Amino acid sequence: MNQLYRALHMPPARLFKKLTGWKEIYTIALRPVPTAPGCDPLPALGEEPYTPLPARAGVWYADPLLFSHEGKRWLFCEAFDMAKGKGDIAVIDLTDPRHPGEPRTVLSEAFHLSFPTVFSWNREIWMIPETGTNHTLNLYRRRHFPDTWELAASFLTGDKELADTILLDIRPGGLALLCSQVKADNGLYTRYRRYELRREEQAEGGFVLEEDETFGLENRNYDLGARNAGPLFRWAGQTVRPAQVSTKVDYGVYLQFWSRRDEKEFPLCAAMPANVSVEGLDPATVIGIHTYCRDEEIEVIDARYLAKVGPVPAPKQEDSKSC
């Protein structure tokens, strides 16, 4: 990405803030699913404000993804350490969304992790986080939920940097995955890639990953809206897929929702930063909505905003060695 080009096309007020020490920060925020007549969360995501979750100094949180297990609700997310410049995977107990638990790190690697898709498959719990900067697609298995995970399989993706994997289908014999491939020379552009992940005892590691080449040919072009923004969900009798849309100079600006019918998708609605209110944030500082997920009771977003941030403390020496 040409940073000079981006700066020249940035709104002057934002450019001034960036030059004077303001940083782009993400925050995860939630609210109850609206139930009053005329207050459905789609299409505009308006109505009630979202409440941000607690955060630690020097760390911001993004990519919220919900998972329920044994009567408890958990939120897995990216925890980005600003001093290290790298993300880990954290979890937050959201069983009672009015009293969320403290975020705690549950998975860390030497490379960047984000977008943790957690799911049940064949009576076990698994995670596929984004590991694109490592040029792999990694599958982790739960050892002790939710805090301990082991690497079950790692697939090299060659020159492909795959981001934001979601599940299209879960069957006993395999998983249908939809990933976003990042364009090598401009990370704002992506294109969709579909894979089949199968359990095969005779294969090395016990798993096989195969790309759907026909789908790849049909989606050969990169664009600014081909990036997943959360898992599939049901709404108003439809299966809906949220996507994030960037501009030529800005990442993750707004959400586009797609209605899925068989193998085809149709645009449903879009949600812009102006449609969202987050408690404690000046609306003028909110510059993007990046991820969306929900269950029967709550819906969760992450919002990108500008904030004046002081010096970021250097990582502890032992943390530096682990990287």
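These are my notebook entries on a few spots I looked up in this structure.

**Ground rules.** I am working with a predicted model, so I read local features only at pLDDT of at least 70 and side-chain atom pairs only at pLDDT 80 or more, while totals for chains, interfaces and linings use all residues. I count residues from 1 along each chain as its sequence is written, and my side-chain values use heavy atoms, with hydrogens and water left out.

**Threonine 190.** I found threonine 190 in strand β13, residues 190–199. Threonine 190 is buried, at 2% relative accessible area; I call a residue buried under 20%, exposed over 50% and partly exposed in between, using a 1.4 Å probe and protein chains only. I then listed its contacts (heavy atoms within 4.5 Å). Leaving out residues up to four places away in sequence, threonine 190 touches Ser180, Gln181, Val182, Asn221, Tyr222, Asp223, Ala226 and Arg227. A polar atom of the threonine 190 side chain sits 2.7 Å from the backbone oxygen of alanine 226.

I followed the pairing next, where two strands pair if DSSP finds at least two bridges between them. Strand β8 (residues 124–130) runs antiparallel to strand β9 (residues 136–144), joined by 2 bridges. Methionine 127 has tyrosine 140 in β9 as its bridge partner. The two strands make a hairpin with 5 residues between them, and histidine 135 in the turn has a positive phi of about 55 degrees. I moved on to β9 and strand β10 (residues 148–156), which are antiparallel over 8 bridges. Here asparagine 138 is partnered with serine 154 in β10. This hairpin has 3 residues between its strands. Proline 146 lies in that loop between β9 and β10, and the peptide bond leading from phenylalanine 145 to proline 146 is cis, with omega near 0 degrees.

**Positive phi.** Aspartate 63 has a positive phi of about 55 degrees; it belongs to strand β3, residues 59–69, and is buried at 3% relative accessibility. Alanine 236 has a positive phi of about 50 degrees; it is in the loop between β16 (233–235) and β17 (238–245), and is exposed at 61%.

**Cysteines.** How many disulfides does the structure hold? I found 0 disulfides, taking a pair of cysteine sulfur atoms within 2.5 Å as the test. Cysteine 77 is buried at 0% relative accessibility, and cysteine 293 is buried at 2%.

Notes
Helix = DSSP H or I, 4+ residues; strand = E, 2+ residues; numbered from the N terminus. Polar contact = N/O pair within 3.5 Å; in protein donor to acceptor, adjacent residues only side chain to side chain.
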